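I opened the model to go through a few spots one by one. My notes follow in the order I looked things up.

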Amino acid sequence: MRLDRYLAHYARMSRKEARAAVRQGRAALDGERVFREDCRVSEGMTVFLDGSALRAEEYVYYMLNKPPGVVSATSDRTERTVLDLVDTAGRDLFPVGRLDKDTTGLLILTDNGALAHRLLSPRYHVEKVYEFNYEGELVPDAVRLAAQGMDIGEKHLTEPALLELPASRPHFARLSISEGKYHQVKRMAAKLGGHVTELRRVAFGGIALDETLQPGEYRRLTEEEIGRLQQHTDNMD
(Lines give C-alpha, C1' and ligand atoms only; values in the text may rest on other atoms or scores of the structure.)
Protein backbone atom coordinates (compact mmCIF):
# COMPACT_ATOMS: atom_id res chain seq x y z
CA MET A 1 0.00 0.00 0.00
CA ARG A 2 1.23 3.52 -0.75
CA LEU A 3 2.30 5.45 2.32
CA ASP A 4 -0.17 8.29 1.79
CA ARG A 5 -3.04 5.82 1.46
CA TYR A 6 -1.85 3.97 4.57
CA LEU A 7 -1.83 7.19 6.59
CA ALA A 8 -5.27 8.15 5.33
CA HIS A 9 -6.55 4.68 6.14
CA TYR A 10 -5.15 4.32 9.64
CA ALA A 11 -4.54 7.87 10.90
CA ARG A 12 -7.98 9.28 10.06
CA MET A 13 -6.53 11.78 7.59
CA SER A 14 -7.63 12.86 4.14
CA ARG A 15 -5.33 11.87 1.30
CA LYS A 16 -4.34 15.52 0.93
CA GLU A 17 -3.43 15.74 4.62
CA ALA A 18 -1.50 12.47 4.38
CA ARG A 19 0.57 13.66 1.43
CA ALA A 20 1.36 16.91 3.21
CA ALA A 21 2.41 15.05 6.37
CA VAL A 22 4.89 12.91 4.41
CA ARG A 23 6.36 15.89 2.58
CA GLN A 24 6.81 17.67 5.91
CA GLY A 25 8.88 14.77 7.23
CA ARG A 26 6.32 13.67 9.82
CA ALA A 27 6.26 10.02 8.68
CA ALA A 28 8.79 7.23 9.07
CA LEU A 29 9.04 3.59 8.02
CA ASP A 30 10.70 1.29 10.55
CA GLY A 31 12.16 4.36 12.24
CA GLU A 32 13.60 5.91 9.06
CA ARG A 33 12.04 9.21 8.03
CA VAL A 34 10.67 9.32 4.47
CA PHE A 35 9.52 12.23 2.31
CA ARG A 36 7.84 10.55 -0.66
CA GLU A 37 4.15 9.77 -0.42
CA ASP A 38 4.42 6.95 -2.97
CA CYS A 39 6.74 4.88 -0.76
CA ARG A 40 5.41 1.36 -0.36
CA VAL A 41 4.41 0.00 3.03
CA SER A 42 5.15 -3.72 3.04
CA GLU A 43 3.82 -6.34 5.41
CA GLY A 44 5.68 -6.30 8.72
CA MET A 45 6.76 -2.68 8.47
CA THR A 46 6.00 -0.27 11.30
CA VAL A 47 4.73 3.13 10.22
CA PHE A 48 5.33 6.12 12.47
CA LEU A 49 3.55 9.46 12.40
CA ASP A 50 4.97 12.29 14.50
CA GLY A 51 7.09 9.73 16.36
CA SER A 52 4.21 7.41 17.31
CA ALA A 53 3.61 4.00 15.77
CA LEU A 54 0.27 3.68 13.98
CA ARG A 55 -2.01 0.81 14.82
CA ALA A 56 -3.22 -0.87 11.66
CA GLU A 57 -6.91 -1.39 12.36
CA GLU A 58 -8.70 -3.95 10.25
CA TYR A 59 -12.04 -2.22 10.79
CA VAL A 60 -13.29 1.07 12.19
CA TYR A 61 -16.55 1.88 13.98
CA TYR A 62 -18.24 5.25 14.45
CA MET A 63 -21.29 6.52 16.34
CA LEU A 64 -23.17 9.26 14.51
CA ASN A 65 -25.94 11.38 15.98
CA LYS A 66 -27.96 11.51 12.78
CA PRO A 67 -29.73 14.81 12.17
CA PRO A 68 -33.01 15.10 10.25
CA GLY A 69 -32.91 15.69 6.52
CA VAL A 70 -30.12 13.25 5.58
CA VAL A 71 -30.57 9.74 4.22
CA SER A 72 -28.96 6.56 5.56
CA ALA A 73 -27.09 5.62 2.42
CA THR A 74 -23.56 5.64 1.07
CA SER A 75 -24.53 7.78 -1.93
CA ASP A 76 -27.58 9.48 -3.38
CA ARG A 77 -28.02 11.55 -6.53
CA THR A 78 -30.28 14.14 -4.95
CA GLU A 79 -30.10 13.84 -1.16
CA ARG A 80 -27.37 14.50 1.39
CA THR A 81 -26.22 11.23 2.99
CA VAL A 82 -24.87 10.33 6.41
CA LEU A 83 -21.44 9.74 4.86
CA ASP A 84 -21.35 13.39 3.82
CA LEU A 85 -21.15 14.19 7.54
CA VAL A 86 -18.12 11.99 8.24
CA ASP A 87 -14.46 12.13 7.29
CA THR A 88 -14.11 8.54 6.05
CA ALA A 89 -10.30 8.81 5.85
CA GLY A 90 -10.31 6.61 2.78
CA ARG A 91 -12.35 3.82 4.39
CA ASP A 92 -15.39 2.31 2.69
CA LEU A 93 -17.84 3.07 5.48
CA PHE A 94 -21.56 2.33 5.40
CA PRO A 95 -24.42 2.68 7.90
CA VAL A 96 -25.51 -0.38 9.88
CA GLY A 97 -29.18 -0.38 8.97
CA ARG A 98 -31.24 2.65 8.11
CA LEU A 99 -33.01 5.50 9.82
CA ASP A 100 -35.70 7.34 7.88
CA LYS A 101 -34.80 10.75 6.51
CA ASP A 102 -36.77 12.49 9.26
CA THR A 103 -35.62 10.12 12.04
CA THR A 104 -32.72 11.21 14.22
CA GLY A 105 -30.32 9.65 16.69
CA LEU A 106 -27.91 6.77 16.95
CA LEU A 107 -26.49 5.32 13.75
CA ILE A 108 -23.46 3.05 13.61
CA LEU A 109 -21.04 3.43 10.69
CA THR A 110 -18.38 0.81 9.94
CA ASP A 111 -16.53 -1.04 7.20
CA ASN A 112 -17.01 -4.43 8.89
CA GLY A 113 -19.57 -5.98 6.58
CA ALA A 114 -19.72 -9.34 8.34
CA LEU A 115 -20.56 -7.83 11.73
CA ALA A 116 -23.08 -5.41 10.19
CA HIS A 117 -24.86 -8.31 8.49
CA ARG A 118 -25.10 -10.21 11.75
CA LEU A 119 -26.34 -7.19 13.70
CA LEU A 120 -29.14 -6.72 11.19
CA SER A 121 -30.05 -10.40 10.87
CA PRO A 122 -33.43 -11.35 12.42
CA ARG A 123 -31.66 -14.38 13.89
CA TYR A 124 -29.84 -12.32 16.51
CA HIS A 125 -32.71 -10.13 17.82
CA VAL A 126 -30.46 -7.13 18.43
CA GLU A 127 -32.29 -4.58 20.57
CA LYS A 128 -33.07 -1.10 19.26
CA VAL A 129 -34.53 1.60 21.51
CA TYR A 130 -36.52 4.55 20.21
CA GLU A 131 -38.09 7.59 21.80
CA PHE A 132 -40.95 9.35 20.08
CA ASN A 133 -43.52 12.09 20.45
CA TYR A 134 -46.99 11.47 19.12
CA GLU A 135 -50.37 13.01 18.52
CA GLY A 136 -53.64 11.38 19.49
CA GLU A 137 -54.37 9.01 22.37
CA LEU A 138 -52.97 5.51 22.70
CA VAL A 139 -55.40 2.74 23.59
CA PRO A 140 -55.53 1.95 27.34
CA ASP A 141 -53.86 -1.47 26.92
CA ALA A 142 -51.08 -0.24 24.59
CA VAL A 143 -48.28 -1.56 26.81
CA ARG A 144 -49.82 -5.04 26.94
CA LEU A 145 -50.47 -5.15 23.21
CA ALA A 146 -46.87 -4.21 22.44
CA ALA A 147 -45.60 -6.84 24.85
CA GLN A 148 -47.62 -9.67 23.33
CA GLY A 149 -46.84 -8.86 19.69
CA MET A 150 -48.93 -6.87 17.23
CA ASP A 151 -50.47 -7.25 13.81
CA ILE A 152 -49.13 -4.38 11.71
CA GLY A 153 -49.98 -5.92 8.37
CA GLU A 154 -47.06 -8.34 8.10
CA LYS A 155 -47.16 -12.12 7.72
CA HIS A 156 -46.25 -12.54 11.39
CA LEU A 157 -46.93 -10.55 14.53
CA THR A 158 -44.20 -8.25 15.76
CA GLU A 159 -41.79 -9.67 18.31
CA PRO A 160 -42.63 -8.79 21.94
CA ALA A 161 -41.66 -5.16 22.58
CA LEU A 162 -41.31 -3.00 25.67
CA LEU A 163 -43.41 0.15 25.52
CA GLU A 164 -42.87 2.74 28.26
CA LEU A 165 -45.26 5.65 28.76
CA PRO A 166 -43.91 7.99 31.46
CA ALA A 167 -46.78 9.68 33.29
CA SER A 168 -44.70 12.86 33.63
CA ARG A 169 -44.36 13.23 29.84
CA PRO A 170 -47.68 13.14 28.01
CA HIS A 171 -47.57 12.19 24.33
CA PHE A 172 -44.06 10.76 24.75
CA ALA A 173 -43.08 7.09 24.58
CA ARG A 174 -40.04 4.85 24.65
CA LEU A 175 -40.14 1.63 22.63
CA SER A 176 -37.61 -1.23 22.69
CA ILE A 177 -37.83 -3.68 19.79
CA SER A 178 -35.67 -6.58 18.62
CA GLU A 179 -36.38 -6.47 14.90
CA GLY A 180 -36.46 -3.90 12.13
CA LYS A 181 -39.58 -4.08 10.00
CA TYR A 182 -40.25 -1.23 7.57
CA HIS A 183 -41.39 1.88 9.50
CA GLN A 184 -42.07 -0.44 12.42
CA VAL A 185 -42.22 2.13 15.23
CA LYS A 186 -44.54 4.42 13.28
CA ARG A 187 -46.78 1.51 12.27
CA MET A 188 -46.97 0.15 15.81
CA ALA A 189 -47.81 3.58 17.18
CA ALA A 190 -50.52 4.04 14.54
CA LYS A 191 -52.03 0.68 15.40
CA LEU A 192 -52.15 1.77 19.04
CA GLY A 193 -53.91 5.04 18.20
CA GLY A 194 -51.04 7.51 17.90
CA HIS A 195 -49.35 9.41 15.08
CA VAL A 196 -45.58 9.78 15.47
CA THR A 197 -44.46 13.39 15.05
CA GLU A 198 -40.83 13.01 16.10
CA LEU A 199 -38.73 9.84 16.24
CA ARG A 200 -35.25 9.34 17.66
CA ARG A 201 -33.15 6.20 18.17
CA VAL A 202 -31.32 6.30 21.49
CA ALA A 203 -29.73 2.83 21.70
CA PHE A 204 -28.66 -0.04 19.46
CA GLY A 205 -27.08 -3.35 20.39
CA GLY A 206 -26.43 -2.32 23.98
CA ILE A 207 -24.83 1.00 22.96
CA ALA A 208 -26.50 4.23 24.08
CA LEU A 209 -26.36 7.43 22.08
CA ASP A 210 -23.65 9.73 23.42
CA GLU A 211 -25.72 12.75 24.45
CA THR A 212 -22.68 15.01 24.18
CA LEU A 213 -22.81 14.58 20.40
CA GLN A 214 -24.77 17.32 18.72
CA PRO A 215 -26.88 16.41 15.67
CA GLY A 216 -24.46 15.72 12.83
CA GLU A 217 -21.50 15.01 15.11
CA TYR A 218 -19.78 11.65 15.42
CA ARG A 219 -17.02 9.84 17.28
CA ARG A 220 -15.26 6.50 17.27
CA LEU A 221 -16.74 3.70 19.31
CA THR A 222 -14.75 2.72 22.37
CA GLU A 223 -13.27 -0.76 22.65
CA GLU A 224 -15.95 -1.58 25.23
CA GLU A 225 -18.73 -0.50 22.87
CA ILE A 226 -17.28 -2.53 20.01
CA GLY A 227 -17.13 -5.52 22.34
CA ARG A 228 -20.83 -5.15 23.15
CA LEU A 229 -21.75 -5.24 19.47
CA GLN A 230 -19.65 -8.33 18.90
CA GLN A 231 -21.02 -10.02 22.02
CA HIS A 232 -24.59 -9.72 20.76
CA THR A 233 -23.82 -11.97 17.81
CA ASP A 234 -21.09 -14.15 19.33
CA ASN A 235 -23.54 -15.40 21.95
CA MET A 236 -25.71 -16.92 19.23
CA ASP A 237 -22.98 -19.05 17.64
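Started with threonine 212: buried or exposed? I get a relative accessible area of 60%, so threonine 212 is exposed (exposed is over 50%, buried under 20%, partly exposed in between, with a 1.4 Å probe and protein chains only). Threonine 212 sits in the loop between strand 12 (207-208) and strand 13 (218-220). Strands here are DSSP E runs of at least two residues, helices are H or I runs of at least four, and both are numbered from the N terminus.

Note on the source: this is a predicted model, so I take local features only at pLDDT of at least 70 and side-chain atom pairs only at pLDDT 80 or more, while totals for chains, interfaces and linings use all residues. Residues are numbered from 1 along each chain as its sequence is written, and side-chain values use heavy atoms, with hydrogens and water left out.

Back to threonine 212. Its side chain makes a polar contact of 2.6 Å with the side chain of aspartate 210. For a polar contact I need a pair of N or O atoms within 3.5 Å; within protein, one must be able to donate a hydrogen and the other to accept it, and residues adjacent in sequence count only if both atoms are side-chain atoms. I also checked leucine 199: it is 13 residues from threonine 212 in sequence and 19 Å away in space, C-alpha to C-alpha.

My rule is a side-chain nitrogen of Lys or Arg within 4 Å of a carboxyl oxygen of Asp or Glu, and by it I count 18 salt bridges. Aspartate 210 is buried at 18% relative accessibility, and arginine 219 is partly exposed at 22%. Salt bridges with shared partners also join Glu131, Glu164, Arg174, Arg200 and Glu211 into one network.

Glutamate 131 is in strand 8 (residues 128-136) and arginine 174 in strand 10 (residues 172-177), so the pair ties together parts 43 residues apart in sequence. Glutamate 131 is buried at 19%; arginine 174 is partly exposed at 27%.

One more salt bridge: arginine 26 to aspartate 50, 2.9 Å from N to O. Arginine 26 is in the loop between helix 2 and strand 1, aspartate 50 in the loop between strand 3 and strand 4 (52-53), 24 residues apart.

Next, helix 2 (residues 15-23). Which residues are buried there? I find Ala18, Ala21 and Val22. They cover an arc of only 95° around the axis, so they lie on the same side of helix 2 (the arc is that of the directions from the helix axis to the C-beta atoms). Lys16 and Arg23 are exposed on the face turned away from the buried side. The buried residues pack against helix 1 (3-10), strand 1 (27-29) and strand 3 (47-49), with contact meaning heavy atoms within 4.5 Å. Glycine 25 follows helix 2 and has a positive phi, near 80°.

Last stop was leucine 109. Leaving aside neighbours within four places in sequence, I see leucine 109 in contact with residues including Tyr61, Leu64, Val82 and Phe94.
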